[in-house]
Amino acid sequence: MAFNGTWKVDRSENYDKFMEKMGVNLVKRKLAAHDNLKLTITQEGNKFTVKESSTFRNIEVVFELGVTFNYNLADGTELSGTWSLEGNKLIGKFKRTDNGNELNTVREIIGDELVQTYVYEGAEAKRIFKKD
């Protein structure tokens, strides 16, 4: 339940290099660096609802822990995978549907921040959110 609430992106680390590794073109990378992403997370047992609101899109993603689902990134990249809860961390294990490469994500609360870490093909990035 610690994830519940509205979180606004505060800063990013190595996000441009990560997106480049993902194959996102320069223009989209520059725009994404200023997307003003806001996540509204609600947990009810094993079910999570995440509302993503940004400069580019507003979507709602509903998933259950351990249940495979499909998700499209803002650039259109299609993923399939699952989220699990390990201690105080949400662990996302996804595969791109176009090339089968793995994209792993960790969401965790550190202090008063939500830290989201992405790893793809050796490139690691973080987006740090503050409660709104």
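Predicted model: local features only at pLDDT ≥ 70, side-chain atom pairs only at ≥ 80, totals over all residues.

Trainee: How much space lies in the largest pocket?

Mentor: A pocket is defined on a 1 Å grid over the protein atoms alone, as an open set of points where a 1.4 Å probe fits, with protein on both sides within 12 Å along at least five of seven lines. Grid points are joined across faces, edges and corners, and the volume is the space filled by probe spheres set on the points. For the largest pocket, that space is about 680 Å³.

Trainee: Which residues that line the largest pocket are the closest to its centre?

Mentor: Lining residues have an atom within 4 Å of a point. The largest pocket has 32 of them, and the closest to its centre are Tyr 15, Arg 57, Tyr 71, Leu 73 and Ala 74.

Trainee: Which element gives the largest share of the lining of the largest pocket?

Mentor: Helices (H or I, at least four residues) and strands (E, at least two) are DSSP runs, numbered from the N terminus. Elements that give two or more residues to this lining include helix H1 (15–22), H2, strand E3 (47–53) and strand E9 (113–120). The largest share, 4 residues, comes from H1.

Trainee: How many residues of that lining are nonpolar, polar and charged?

Mentor: Ala, Val, Leu, Ile, Met, Phe, Trp, Tyr, Cys and Pro count as nonpolar, Asp, Glu, Lys and Arg as charged, and the others, Gly among them, as polar. On that basis the lining divides into 22 nonpolar, 3 polar and 7 charged.

Trainee: Which residues make the nonpolar surface patch?

Mentor: Patches use residues with over 30% relative accessible area and no salt bridge, nonpolar side chains (Val, Leu, Ile, Met, Phe, Trp, Tyr) being joined within 5 Å and like charges within 9 Å. Accessible areas come from the Shrake-Rupley method with a 1.4 Å probe, and for residues only the protein chains shown count as cover. The patch has about 290 Å², and its residues are Val 27, Leu 31 and Phe 56.

Trainee: Is Leu 31 buried, partly exposed or exposed?

Mentor: Buried means under 20% relative accessible area, exposed over 50%, and partly exposed in between (1.4 Å probe, protein chains only). Leu 31 lies in helix H2 (residues 26–32). Its relative accessible area is 45%, so Leu 31 is partly exposed.

Trainee: Which residue does Glu 52 meet in a salt bridge?

Mentor: A salt bridge needs a side-chain nitrogen of Lys or Arg within 4 Å of a carboxyl oxygen of Asp or Glu, and the structure holds 11 of them. Glu 52 is in strand E3 and is buried, at 12% relative accessibility. At 3.3 Å, N to O, its partner is Arg 57.

Trainee: In the salt bridge between Asp 98 and Arg 96, how far apart are the closest N and O atoms?

Mentor: Asp 98, in the loop between strand E7 (89–96) and E8, is exposed at 54%. Arg 96 is buried at 9%. The closest N and O atoms of the pair are apart by 2.8 Å.

Trainee: Which residues are linked in a network of salt bridges?

Mentor: Lys 130 forms a salt bridge with Glu 113 at 2.8 Å. Lys 130 lies in strand E10 and Glu 113 in strand E9, so the pair ties together parts 17 residues apart in sequence. Asp 10 lies in strand E1, and its C-alpha atom is 6.2 Å from that of Lys 130, 120 residues apart along the chain. The network links Asp 10, Arg 11, Glu 113 and Lys 130.

Trainee: What is the phi of Glu 121?

Mentor: Glu 121 is found in the loop between E9 and strand E10 (123–131) and is partly exposed at 45%. Its phi is positive in a residue other than glycine, with a value near 50°.

Trainee: Where does Asn 14 lie?

Mentor: Asn 14 is not a glycine, yet has a positive phi of about 60°. At 41% relative accessibility it counts as partly exposed. Asn 14 lies in the loop between strand E1 (5–13) and H1.

Definitions and conventions. Residues numbered from 1 in each chain as written. Heavy atoms only, no water.
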